[in-house]
Amino acid sequence: MSEEDTKEEILYGEREIASGGLICFPNPNRERDYEISIDFPEFTCKCPFSGYPDFATLRIVYQPNKKVIELKAIKLYLNSFREKRISHEEVTNKIIDDFVEVSEPKWMQLEADFNPRGNVHTIIRVCHGKRNSLELII
């Protein structure tokens with residue numbers, strides 16, 4: 001296989017990202033309110049105006065209802081934004097909308113903490129639903 005052939009070949013990770021979708025499984029304990037927290041420290045998309053890459057840490061916290069979002073599906077879904085030209089505000093709202101649509105959580109919050117670019121640091125926070133109080137002592 002020549003170097004030119006390798007450049008045109010679609011790699012297995014790219015195939016998985018392209019064919020991936022958000023999937024859920026049944027909540028194993030619907031009788032109890034609990035929270036799931038997920039950090040995604042290597043999120044990337046592209047600025048819709050310049051085409052420059054934007055990097056962010058995404059922090060997702062949610063209280064599941066009937067369904068829990070599968071982690072590998074989250075990873076593939078979030079990686080699908082790598083080449084998309086989309087603003088910070090639009091991508092943050094799209095992600096929470098898609099998560100809410102597939103999982104119907106009791107409550108969900110997404111924080112998108114974008115790395116500074118041009119000396120500007122942006123954090124977008126969006127929320128869905130009403131958070132139930134948890135008596136956690138950590």
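A: H88 lies in helix α4, residues 88-103; helices (H or I, at least four residues) and strands (E, at least two) are DSSP runs numbered from the N terminus. This is a predicted model, in which local features need pLDDT of at least 70 and side-chain atom pairs count only at pLDDT 80 or more, while totals for chains, interfaces and linings use all residues. Residues are numbered from 1 along each chain as its sequence is written, and side-chain values use heavy atoms, without hydrogens and water.

Q: Is H88 buried or exposed?

A: Buried means under 20% relative accessible area, exposed over 50%, and partly exposed in between (1.4 Å probe, protein chains only). H88 has 16% and is therefore buried.

Q: Which residues are in contact with H88, leaving aside its neighbours within four places in sequence?

A: Contact means heavy atoms within 4.5 Å. On that basis, H88 touches D54, F114, T122 and I124.

Q: How do the strands pair in the open sheet?

A: Strands of a sheet pair through backbone hydrogen bonds, either parallel or antiparallel. Two strands count as paired if DSSP finds at least two bridges between them. Here the order of the four strands is β2-β3-β5-β6, with antiparallel pairing. Because β2 (36-46) and β6 (120-129) stand at the edges with a single partner strand each, one side of each has no neighbour in the sheet.

Q: How many bridges join β3 to β5?

A: Eight bridges join β3 (residues 53-63) to β5 (residues 107-117). Within this pair, L58 has A112 of β5 as its bridge partner.
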